[in-house]
Amino acid sequence: MLLRKDLLILKNNIWLILKNPLRLLPYGGMIAYFFFIYTMRVRRGAEEGRTGIENIDVEGLPQVDFGLQNVIGGITLLALAFLIFQLFRATKKNVSFFKMADVNLLFTAPVKPENILIYYMGRSIIPSLGGSIIFIIYGASQFADKIEFSFINIAFLVLGFALFFFLTSPIRFLVYTLHTKYGVMQYIQTGVIILAVLLGLAILIPGLMAEKFWQGMFAWIASPWFDLFPIVGWSRAMMSYIFNQNLITALAFFGLYLLAYYVILRLVLDTAGYYYEDVLEATKSNEEQVEKVRGKKETPESSMSLNTKKKLALPDFGVGAKALYWRNYVHASRQDFHPLFGLWSVILAALGIAFAILSNFDWFSHKVLNGYLLMLVGINFFAGIGRGSVGDLKKPYFFLIPASWSSKLWNVIKLDLVQLGLISWVLIIPSVLIAGLDWKLILFYPLCVFLVYIVGLTINMIPKVAFEEGWDQKLIKPLMIGGIFLFGIIPSLVVSVLIFVWTRQFVWMLFAFTIGQTFIAGVLVHVLLDVISRLELKEI
Amino acid sequence: MLTVSNLIKRYGKQNAVNDISFHLEGGEVVGLLGPNGAGKSTTMKCIVGLLRKTSGEILIGGHDHLSVEAKRFFSYIPETPYVYDLLTVREHLQFIAQAYGIKDWKNRGEELMEIYDLTDKADKLGRDLSKGMRQKISICCALLPDPQLLFFDEPMIGLDPKAIKNTKRIFKELKEAGKTILVSTHLIDSVETIADRIMILKNGDIIGNDTLSNLKQQFVQDKQGSLEDIFLELTKDE
C-alpha cells in the first residue's frame with residue numbers, strides 16, 4: 001500500500017512536469033553545465049596525460065605530503081563534524097521519517113507500526129542516493145581529467161557518499177527510541193561530548209607533537225587506520241577505491257555498512273514500540289520547517305534568542321521611522337546579551353584574535369588570519385542577503401508607518417551597521433597590533449564589511465521590489481544577479497587578486513576589493529532607493 | 001475621505017480587482033462583503049499600500065495613498081495578525097506611539113489593553129501569544145493613534161466572543177466619534193447593524209454598493225429579508 005502511494009505521488013509529479021516542462025529548464029541548464037565542464041576536463045586530461053592523485057606514489061615520497069594529508073584530513077574533519085552534530089542533534093530533537101499526512105491518515109489506519117517504520121526507514125535511502133548522485137555528477141565534472149570514471153568507481157563513490165548521509169537518520173532515530181525506552185539521554189549526550197573531545201585531541205596531540213602545528217594536526221585522522229572509524233572512515237575507505245582499486249577492502253566496508261544497518265534496524269524495532277506519539281512533534285516541526293523554506297509560513301525571528309527573559313525599559317528613540325530602529329534595538333537586546341556586541345560578536349572577534357596570536361607564535365601563517373577575515377567578509381555578504389527576507393520587511397508596519405522609504409530602510413539596517421562596525425574594529429585593531437599586520441587594514445576592513453553587507457542586501461531586495469511576481473521575476477532575477485556578479489563583483493575580485501599577485505600584500509588586495517564594492521554598492525543603493533516605493537508585503 | 005478610482009490589481013493575466021471605483025465620505029461606515037476570492041483583501045491591501053496597484057488612483061484625505069501625509073490619516077488591522085516575536089505587548093504600543101509620534105499614549109494604551117483583556121499579558125512576548133491574542137494586539141495598535149480612517153480586514157477572525165462583542169462596541173463608538181471605517185468581513189451580522197452602506201464584491205467587481213434598505217428594495221422580494229439574503233442572492237452563481 002505504501003509503495004503504491006509513493007508510486008502514485010511519483011506519477012503525479014511526472015504529470016506536473018509534463019504539464020509545465022518549463023520547470024525543467026534550470027535542471028537542463030545544470031546538466032548542460034556539468035556536461036560542458038566534464039568534456040572540457042576530459043579533453044584537457046587527454047592532452048596533458050593523466051596526472052591525477054592516483055599517480056602520486058605516497059610510499060616513494062621522501063617526506064610526508066602535507067598538502068595531501070591536510071586535504072584528506074580536512075574532508076574527514078568536515079565529515080566528523082557533521083556526524084557529531086547529527087548525533088548531538090539526536091539528543092535534542094527526535095528524527096521523523098513521516099509527513100503530517102502519514103500521521104493523520106496512516107497512523108490511525110489498521111497497519112502494524114513496525115511495517116510502516118521498516119518501509120520508511122528503507123525508503124529514506126532514496127533522497128540520500130539522489131543527493132549523492134547529483135553531487136558525484138558535479139564532482140565528476142570537476143575532476144574528469146584526474147580520475148577515471150568506470151561504473152565500479154562511480155558505484156563506490158555514490159554508495160560511500162549516500163550511505164554516510166543515509167545511516168545518520170536511523171542512528172538519530174535509534175538514539176531517541178533508546179531514550180524513550182530506557183531514559184538514557186544523559187548518558188548518550190555525555191558519550192557524544194566525550195567522542196567530540198577525543199576527536200579534538202586526535203587533532204591537537206599530533207599537531208603539538210609536530211614541528212609545526214598545521215603539519216601534524218591531521219596526521220592521525222588522515223592516516224589509513226582511521227578508515228576503521230565507523231561511518232566516516234567506512235565511507236572514506238569505500239570512496240578510496242577510485243585511488244587504490246582494492247575491491248576486497250571496499251566490499252568489506254560496504255558489508256560493514258549493511259551489518260550496521262541491520263543491527264540498527266533490529267534495535268530500533270525492539271526499542272521503538274508504539275512510537276506514534278514520539279514522532280508526532282518531530283513530524284509537525286519538520287512540516288513547518290518545509291513550509292517556512294517554501295515561504296508559506298513565517299520564519300520566527302526569535303529563534304536562537306539567548307536573552308528573552310530580559311526586562312527592558314528603553315526610552316523612545318524618536319518619531320516616525322526611528323521606531324523601527326527602536327524595535328530592532330529591543331529585539332537585539334533580547335536576542336543576545338548585549339544589543340550592540342553580543343555573544344556571536346565576542347566569539348567571532350575572539351577567534352580572529354586567537355588566529356592573530358597563533359600566527360604571531362608561528363603556529364599558523366598569516367594566511368589563516370587573512371582567510372578568516374575574508375570568510376567574515378563573505379558571511380556579511382550573506383547576512384545582507386538574509387536581511388532582505390526577514391524582520392521588518394515581512395511586517396505591515398514597515399509599509400504603514402508615516403515616514404519616507406529611505407528613512408525607513410535606513411532605520412531597519414542601522415543597527416546591523418553599528419554591530420558590524422563594532423565587531424570589525426574589535427576584531428581588526430588587536431589583530432593588526434598582535435600579528436603585525438598593515439595598520440591600513442583598520443580602515444579598509446570595516447569599510448569592506450559594510451559595503452559587502454550593503455551589496456548583499458540590495459542584490460536580494462532590488463529584484464523582489466522591481467519585478468512583478470511570476471515568471472518574469474524568476475527569469476530576470478537570476479539574470480540580474482548574474483549580471484551584478486559578472487560585471488561587478490567578479491571583476492573587482494579579479495582585480496584584487498591581480499593586485500595581490502603583484503604586491504603580495506593582503507591590505508592592497510582588500511583595498512582594491514573595497515574600491516570595487518564602493519562602486520557596486522553606490523549603484524545598487526541608488527537603484528534600490530529609486531524602486532523601494534514599489535515594495536509589496538509578501539503575505540504568508 | 002477615501003476615493004478609489006479605476007483600481008485594477010492584476011496577478012499575471014488574472015485580474016484580482018477589476019477596475020473598481022468608490023468613495024467613502026468622512027464619518028461613513030462601509031461594510032465590504034464578498035465570497036472567498038472576491039478581491040476584498042486585495043482591494044484593502046492596495047488601498048493601504050501593502051500591495052502595488054496595477055493601475056488606478058487612490059486618494060486618502062486628498063493625498064495620494066502612498067504619501068506620508070495619507071499614512072497619518074489611517075490605521076489598518078490585517079487579517080493575519082503580525083506581531084514582533086521579541087517585543088512585549090506593551091512594547092508594541094510604545095513602538096506604534098513612536099512611529100505615529102503620539103506623546104501621551106500610556107493611558108490610552110492601558111485602556112485598550114483593559115478592553116481586550118491584555119493587561120495581565122502586558123509583559124508577555126509576541127511569540128508567546130495565541131493567534132487571538134495577536135489579533136487583539138493588532139487592533140490595539142491600530143486604535144492607539146486615533147486615526148480618522150480605519151481599515152478592518154476580517155477583524156473578528158480568531159477573536160473570542162467577548163473580544164468580538166468589544167470590537168462591535170468599538171465600531172459603534174468610532175462611528176459616533178465621526179470616524180470613517182471600511183470593514184471587510186465574512187461575518188455579515190457584524191456590519192449589518194452599524195454599516196451605513198454595504199459594498200458587495202464578486203470576482204473583483206463591485207456588484208452592489210448602496211445602503212442596506214436600498215439593497216433590500218432592489219434584490220429581495222421580502223421586506224423582512226436580511227443582509228445575508230441579499231449577499232446570497234447577489235453572489236449566487238449564474
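Visitor: In which sense do strand E1 and strand E4 of chain B pair?
Guide: In this predicted model, strand E1 covers residues 2–11 of chain B and strand E4 covers residues 55–60. Thr3(B) stands opposite Leu59(B) in E4(B). The two strands are joined over 5 bridges, and the sense of their pairing is antiparallel.

Visitor: What is the strand order in the open sheet of 6 strands in chain B?
Guide: The pairing in this sheet is mixed. Neighbouring strands are turned against each other by 15 degrees on average, direction ignored. Read across the sheet, the order is E6-E7-E8-E3-E9-E10.

Visitor: Why is one side of E6 and of E10 of chain B left without a neighbour in the sheet?
Guide: Strands of a sheet pair through backbone hydrogen bonds, either parallel or antiparallel. Strand E6 (74–77) and E10 of chain B stand at the edges of the sheet. One side of each is left without a neighbour because each has a single partner strand.

Visitor: How many of the 5 residues of E8(B) are buried?
Guide: In a regular strand the side chains alternate between the two faces of the sheet. On one side of E8(B), Thr180(B), Leu182(B) and Ser184(B) are buried, and on the other Ile181(B) and Val183(B) are buried. The strand is therefore largely enclosed by the rest of the structure, and the count of buried residues is 5 of the 5.

Visitor: Which helix of chain B lies across E3, E9 and E10?
Guide: Helix H5 (residues 131–143) of chain B lies across E6 and E7, running at about 175 degrees to E6(B). Across E3, E9 and E10 of chain B, the helix runs at about 30 degrees to E9(B). It covers residues 227–235 and is helix H9.

Visitor: Is Glu154(B) buried or exposed?
Guide: Glu154(B) is in the loop between strand E7 (149–153) and helix H6 (161–176) of chain B. Its phi is positive, about 45 degrees, although it is not a glycine. Because it has 20 C-beta neighbours inside 10 Å, Glu154(B) counts as buried.

Visitor: How many other C-beta atoms lie within 10 Å of Asn203(B)?
Guide: Asn203(B) is found in the loop between strand E9 (197–202) and strand E10 (205–210) of chain B. It is not a glycine, yet its phi is positive, at about 50 degrees. Asn203(B) is partly exposed, and the count of other C-beta atoms is 15.

Visitor: What is the handedness of the crossing of H16(A) and H19(A)?
Guide: The axes of helix H16 (residues 366–387) and helix H19 (residues 441–466) of chain A come within 6 Å and cross at roughly 35 degrees. Among the residues that meet are Leu373(A), Val377(A) and Phe381(A) in H16(A) and Tyr445(A), Val449(A) and Val452(A) in H19(A). By class, this contact has 15 nonpolar, 4 polar and 1 charged residues. The crossing is right-handed.

Visitor: What distance separates the centres of domain 1 and domain 2 of chain A?
Guide: Domain 1 of chain A spans 50–293, and domain 2 spans 322–534. Taken over C-alpha atoms, the separation of their centres is 34 Å.

Visitor: Which helix gives the most to the side of chain A that touches chain B?
Guide: The contact takes 35 residues from chain A and 27 residues from chain B. Helix H14 (322–335) and helix H17 (397–400) of chain A each supply at least two residues of the chain A side. By class, that side has 15 nonpolar, 10 polar and 10 charged residues. With 8 residues, the helix that gives the most is H14(A).

Technical notes:
Residues are numbered from 1 along each chain as its sequence is written. Chains are lettered from A and ligands numbered from 1 in the order in which they are written. This is a predicted model: local features need pLDDT of at least 70, side-chain atom pairs count only at pLDDT 80 or more; totals for chains, interfaces and linings use all residues. Two residues are in contact if their C-beta atoms, placed from the backbone, lie within 7 Å. Helices (H or I, at least four residues) and strands (E, at least two) are DSSP runs, numbered from the N terminus. Ala, Val, Leu, Ile, Met, Phe, Trp, Tyr, Cys and Pro count as nonpolar, Asp, Glu, Lys and Arg as charged, and the others, Gly among them, as polar. Axes are lines fitted to C-alpha atoms, for helices over the stretch in contact, and angles run from 0 to 180 degrees between N-to-C directions. A crossing is left-handed if the near helix is turned anticlockwise from the far one by less than a right angle, and right-handed if clockwise. A residue is buried if 20 or more other C-beta atoms lie within 10 Å of its own, exposed if 12 or fewer, and partly exposed in between; C-beta atoms are placed from the backbone. Domain bounds come from an automatic or database domain assignment. Two strands pair if DSSP finds at least two bridges between them.
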